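Open the model in your viewer and keep the selection panel at hand. This tour moves from stop to stop.

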Amino acid sequence: MSEPQGNFIWAHADTSAVNRENELFLFRKHFVCVSIPASMVIHVSADSRYRLFCNGRSVISGPCKGSRFTTYYDVIDLSAYLREGENLLAIKVLHYPPVGENLSVWRYPLGMLYVTGEVVYRDGRREHIISDESWLCREDLSTRFVPGHYYTMFLGGTEEVQGSMVPHHWQELGYDDGHWDHCAVYQLVDTSTGVLEPWQLNERVIPPLYEEQRDFLRLTGKGNLQEPDERILRACSGTDESSFLFGSLQRYVLEIDAGELSTGFVMLAVSGGTGSIISMLCAECYEDEPIEIPWQRNKGIRDDAVNGRLYGDSDQYVVAGVGTGSDRQYERYEPFLFKTFRYIRLEISVGEEPLTLHSFQYRATGYPLDTQAEFRCSDSMLNTLWDMSLTTLERCMHESYEDCPYYEQFQYVQDTYLQTLFTYKVSGDDRMARKAIHDFHSSLLPQGLIQSRFPSIEPQIIPGFTIYWILMIYDHYQFFHDVEMIRRYLPTIDAVLGWFDRQLNRDGLVDDIPDAYWQFVDWVTEWRDLRGVPAAARSGPLTVYNLMYALGLQKAAELNTLIKRDCIAQEYLVRSQSVNDSVRMHCWSEERQLFKDGPDTELYSQHAQIWAVLAHTLTGDTAVKLMKDTLASDSLATVSYAMTFFLFRALSQTGLYHKSFDLWDPWRSMTQMHLTTWAEDPVTQRSDCHAWGSLPLYEFTSELLGVGPSVDASEVITVSPVPGELFWAQGVVVTSFGLLSIRWQRTTGVFRLTIYNPSNITVRIIMPSGTRYDDMDGCVIELEQ
């Protein structure tokens, strides 16, 4: 885009006016198109969140989540929204205070809007639109953000909106803005001497989120209303000019079902009903009264509307009564941020004037994941697990990977590592993964550790999570073979491994971790009181952290070898061997033939055994025996959903993956509880949507269908199915070089494998019997044994 560039503008230029609460501002810019342009591409960003309208139509919400030195701008072509003559850009900006409110969204103490655009006509003429003093603005004082008890501790308060104070139709061309003020341009720093502006603008690196209008599917509660469900739902959908009249001075309660856990912008359209109060409570499920809000929940059958209740924080709208039923001039309310819900409880207290409901819908939103993988098999339950896993992954992808969409919307390293693998397997899309890897790199602290969740205005350190970031880079290379990415991030890998090295005690074990850091490992019952920290941490080093460090060194050594840093690679291998030696010497129990959770404890867990195998602390037959003993023992602290991924990897590494089929019982149990997405963990029962549990997306493609990454970064893909208890399986798997379609079936004594290979990928096949076929190619490969 050619010059000129936009300015950072706001309602005022007072740099001392720092807000202590959320503030909403509305911006308008009139411009004239002498004819319909060929294109109008604009760059837009804001601090902290915005929604842009063009000629009254909603276009996009943004910006993409950034950090202190990365403020993303969106690139949008508005040509489809323009008309000949007068046009209008309207932008609503929510600016967060420096402390609190939606912790995963970075913000500067000053609010900001930035726009630069170019109108290009078909005859080649060009005009510019930039953010400057010509823009009009006003503060929207209709909305208060109220702290809640459930998700708002992370995402900011719910809304209390006075409809009578809303400048209705402000985003439309015909609105009278004659009383609005002109914007001010910030003059913050002199950039000629290298001083950086507060907002370092970078183009968005992931695609815009989709927004698709959807209807709710059914009512699960309607209080004393006697009308048929179909009539109320028809009014909610707004079809055929349907509406529903709520009588004056009455209170109504509707509980409405989206069909599955969803994320979207909730939309309400009414007329009449001046002074009526409408509350919207979004909930993941029906449940019993929480034990501790929000951390410890009491959840059973998730759709049991008879015995359970909906719990959550509510948005509230007080109706102004400005809407009319004629010409669809309704009064509309839409909370500014997207909501997460499976059910919504709508409470309507009608004033002296009856209230007419014209629609209650939502625009589903999320990352536009282009799923190409498929899976089906002879076990219908595993098919259900696949479908639920895909839904869960999709719900935890917005402007970053998210641990959960309902509560925190944080991008945690462990969650993200698993989510990137799942995304590669189903779509081959690494755009969000690249952003996540860079995000965590950007979080590096002077101490030498990356933050455990980022972006975040509230730093948090979980030392073990740093190792997952190294694994993230390693596995990205396995799928995409991007050596330049390795070069970019190896200095940060060196830094974090240096921190672990500095923590070694006289026994050669990682120790003396600062009390301010959270030594989280997993959500298991035995560690509940310590919030996921093994009790062994009370008395000294954690075995699992040492093993994770050893594995991180090994993976870093491989990465260094790839870019010819052989000396550093050798150093890392020596350090890894030293840590493994120390773990074997100080953490192994000869009596139990297991690794203890720490050198000075008699506590044991599956975790220590799993990571001992992954880190090659034990190899060969001793590793196989260790995994068999791990599965056979009922006295070990057991892994939760996310950590089961590493149990599967250890089984695969020791040739025991056929023993994994019974390990899906926790997932089967969740389907019996009528969840539609995977829960966070079996201990707290807090979140009903955590994508770190979407393991089937990886396991079914990599193990049951058997499609692994390329062999030694070559253009050869390994196919090695593990049939286990199944009679047949089929699916489509995304690889680095194209799609592979796999189908196998087994009958008595015969295993038949068919590979449809439209990209003519070279394939190495290992049959369940162990027979190996190298360098197989062709559009169709058929084998029988």
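The model is a predicted one.

**Stop 1: α6 and α7**

Select α6 (465-480) and α7 (residues 483-502). Two packed helices are described by the angle between their axes and the distance between the axes. Here the axes come within 10 Å and cross at roughly 160°. The two helices are therefore roughly antiparallel to each other. The crossing of α6 past α7 is left-handed. Now show side chains. From α6, the contact uses Thr 466, Ile 467, Trp 469, Ile 470, Ile 473, His 476 and Tyr 477. From α7 come Val 483, Met 485, Ile 486, Tyr 489, Thr 492, Ile 493, Val 496, Leu 497 and Phe 500. By class, this contact has 13 nonpolar residues, three polar and no charged.

**Stop 2: α7 and α8**

On the α7 side, pick Ile 486, Leu 490, Ile 493, Leu 497, Phe 500 and Asp 501. On the α8 side, pick Tyr 549, Gly 552, Leu 553, Ala 556, Leu 559, Asn 560 and Leu 562. Ten of these contact residues are nonpolar, two are polar and one is charged.

**Stop 3: α5**

Move to α5 (431-442). At 1.5 Å a residue, its twelve residues should span 16 Å; the end C-alpha atoms are 17 Å apart, which agrees. Which residues of α5 are buried? Color Met 432, Ala 433, Lys 435, Ala 436, Ile 437, Asp 439, Phe 440 and His 441. These buried residues pack against β6 (71-77), α4 (413-427), α6 and α7.

Stay with the loop between α5 and α6, where Pro 455 lies. A cis peptide bond joins Phe 454 to Pro 455, with omega about 0°.

**Stop 4: α12**

Go on to helix α12 (residues 644-653). The helix is mostly covered, with eight of its ten residues buried. Select Thr 644, Phe 645, Phe 646, Leu 647, Phe 648, Arg 649, Ala 650 and Leu 651 to see the buried set. What do they pack against? Their partners are α4, α6, α10 (606-614), α11 (620-632), α13 and α14. Then step to Gly 655, which follows α12 and has a positive phi near 70°.

**Stop 5: backbone details in loops**

- Ser 48 sits in the loop between β3 (39-47) and β4 (49-54). A cis peptide bond joins Asp 47 and Ser 48, with omega about 20°.
- His 674 lies in the loop between α13 (665-672) and α14 (696-704). Its phi is near 65°, positive in a residue other than glycine. His 674 is partly exposed, at a relative accessible area of 36%.
- Asn 760 is in the loop between β35 (750-756) and β36 (762-766). Asn 760 is not a glycine, yet its phi is positive, about 55°. With a relative accessible area of 42%, Asn 760 is partly exposed.

How values were computed:
Residues are numbered from 1 along each chain as its sequence is written. This is a predicted model: local features need pLDDT of at least 70, side-chain atom pairs count only at pLDDT 80 or more; totals for chains, interfaces and linings use all residues. Side-chain values use heavy atoms; hydrogens and water are left out. Axes are lines fitted to C-alpha atoms, for helices over the stretch in contact, and angles run from 0 to 180 degrees between N-to-C directions. Helices (H or I, at least four residues) and strands (E, at least two) are DSSP runs, numbered from the N terminus. Contact means heavy atoms within 4.5 Å. Ala, Val, Leu, Ile, Met, Phe, Trp, Tyr, Cys and Pro count as nonpolar, Asp, Glu, Lys and Arg as charged, and the others, Gly among them, as polar. Buried means under 20% relative accessible area, exposed over 50%, partly exposed in between (1.4 Å probe, protein chains only). The expected span of a helix is 1.5 Å times one less than its number of residues. Angles under 35 degrees count as roughly parallel, over 145 as roughly antiparallel, 65 to 115 as roughly perpendicular and the rest as oblique. A crossing is left-handed if the near helix is turned anticlockwise from the far one by less than a right angle, and right-handed if clockwise.
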